[in-house]
Amino acid sequence: MTAQVERTAGDAGAAGAAGAADTAGTGRASRAPGTVRRRVLVGAAALLMLTGGATIAHGAADGADGTPAPHGGGHAAHSTGTGAATGTGTGTTDASDSGKAGGTGEAALVGGASRSGGFWMRADGVFSPPGSFVPSDALTYDTALVPASARIEITQYADRTSHRVGTRLRGLVPNRAYGMHVHTSPCAADPASAGPHYQHRVAATADPVNEVWLDFRTDRNGNGEAEARHEWGFRDGGARSVIVHDAQGGAGKRVACFTVPFSS
C-alpha cells in the first residue's frame, strides 16, 4: 500500500519514512469500519431492488434551449416516439425502446426547475399487488392485465405555454389497448381510493380536453407509451395518481394505479 506524504525541502529521509508508515497504518485502521458500512448499504440496496422497493432522488438539468437535458442530475422529461398524440395521448412504442423505463427495478422520483421558467419531473415504478412484502407506489389489481414486475414511467414538463404529461410502460399484455387517466387521489388497496379523473374545470362528462388521458396500445413486446399536452396545468395537490384501465375512453375497470407527486 502506498501512502502520499507532503514534504518540504528540509525534510529528512528518516522522518519522511516514519510519516509514510504512520499514514499507511492509519489508513488501514480507518478503512475497516467504512468497508463494513458499505457492505451493509449495498446489501440493503440489493434487497430493495429484488423486492421492488422504492427510493427518491432529486436533481435538475437543462439543455441549451431551457428544456431538461437527458443527463446531469437525473433523467429529463421527454417526448414519446411514434404515435404520441396531443389531447388523447394515444400511442405505441417500438421494440427498440424496451428497457428504457425503470431499468433498476426501483421506484424513483427525479425532478427540478428549468431555466425557461418551467419545471420537469419523472417518476418510475414497478407494479406489485397490494399488501406485498415491500410497499410500492405502483399497484396492480389485475395481474393478468398488469403483471407484477411490469414497469411504469410518468413524466411531466411545463413551461410558460404548455403542459405535458407522458407515460411509458413495460411488460404488459402484448398488442392490447389500455386506457389511462390522471386521478385526484393516491393509490390504495381499494382501486376506488384514487378518486375521479382530474378535471381542469369541474364537469359532468369526461373528455380528453378537460382531463389528462394517456390511452395507449402495447406492441408485440407488451410495451406502450403516450403523451398528453394542454395549455393548462394542475392545481396544487389536485393530481395525485394515474389509473390504468382495461379499456380506452372515459371509463373502464381499474386494473392498476401509480401514485405520482405531480407538480402544479
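Which residues does proline 174 touch, not counting residues up to four places away in sequence?

View 1. Proline 174 touches Thr218, Asp219, Arg220 and Gly222 when residues up to four places away in sequence are not counted, contact meaning heavy atoms within 4.5 Å. The model shown here is predicted, so that local features need pLDDT of at least 70 and side-chain atom pairs count only at pLDDT 80 or more, while totals for chains, interfaces and linings use all residues. Residues are numbered from 1 along each chain as its sequence is written, and side-chain values use heavy atoms, with hydrogens and water left out. The C-alpha atoms of proline 174 and glycine 222 are separated by 3.8 Å, although the two residues are 48 residues apart along the chain. Proline 174 has 39% relative accessibility and therefore counts as partly exposed; buried means under 20% relative accessible area, exposed means over 50%, and partly exposed lies in between, as computed with a 1.4 Å probe on protein chains only. The strands named in these legends, like helices, are DSSP runs numbered from the N terminus (strands are E runs of at least two residues, helices H or I runs of at least four).

**View 2. The disulfide of cysteine 187 and cysteine 257.** A disulfide is a pair of cysteine sulfur atoms within 2.5 Å, and by this rule the count comes to one. The sulfur atoms of cysteine 187 and cysteine 257 are 2.0 Å apart, and the link is left-handed, with -80 degrees about the S-S bond. This pair links distant parts of the chain, 70 residues apart, for cysteine 187 lies in the loop between strand 6 (177-183) and strand 7 (216-217), whereas cysteine 257 belongs to strand 10 (residues 254-259). Cysteine 187 counts as buried because its relative accessibility is 15%, and cysteine 257 counts as buried because its value is 0%.

View 3. Strand 3 pairs with strand 10 in the antiparallel sense over three bridges, and here leucine 139 stands opposite cysteine 257 in strand 10.

**View 4. The pairing of strands 2, 4, 5 and 8.** Strand 2 (residues 119-126) and strand 4 pair in the antiparallel sense over eight bridges, and tryptophan 120 has tyrosine 157 in strand 4 as its bridge partner. Strand 4 also pairs with strand 5 in the antiparallel sense over eight bridges, where the bridge partner of isoleucine 152 is leucine 169 in strand 5, and a hairpin joins strand 4 to strand 5 through four residues. Strand 5 (residues 163-170) in turn pairs with strand 8 in the antiparallel sense over seven bridges, with valine 165 facing its bridge partner alanine 228 in strand 8. Strand 4 (residues 151-158) is mostly covered, since seven of its eight residues are buried, and strand 8 (residues 224-230) is mostly covered too, with six of its seven residues buried.

**View 5. Tyrosine 198 and phenylalanine 234 in an aromatic cluster.** The structure holds four aromatic pairs. The rings of tyrosine 198 and phenylalanine 234 have their centres 4.8 Å apart and their planes at 85 degrees, so this pair is edge-to-face. The pair links distant parts of the chain, 36 residues apart: tyrosine 198 is in the loop between strand 6 and strand 7, and phenylalanine 234 is in the loop between strand 8 and strand 9 (241-245). Rings of Phe, Tyr and Trp (its six-membered ring) pair if their centres lie within 6.5 Å, and planes under 30 degrees apart count as stacked, over 60 as edge-to-face and the rest as tilted. Both tyrosine 198 and phenylalanine 234 are buried, and Tyr198, Trp232, Phe234 and Phe262 form one aromatic cluster.

**View 6. Glutamine 199 in the loop between strand 6 and strand 7.** Glutamine 199 is buried, with a relative accessible area of 12%. A polar atom of its side chain lies 2.9 Å from the backbone nitrogen of alanine 203, and a polar atom of the glutamine 199 side chain lies 3.2 Å from the backbone oxygen of threonine 205.

Methods. Pairing = 2+ DSSP bridges. Polar contact = N/O pair within 3.5 Å; in protein donor to acceptor, adjacent residues only side chain to side chain.
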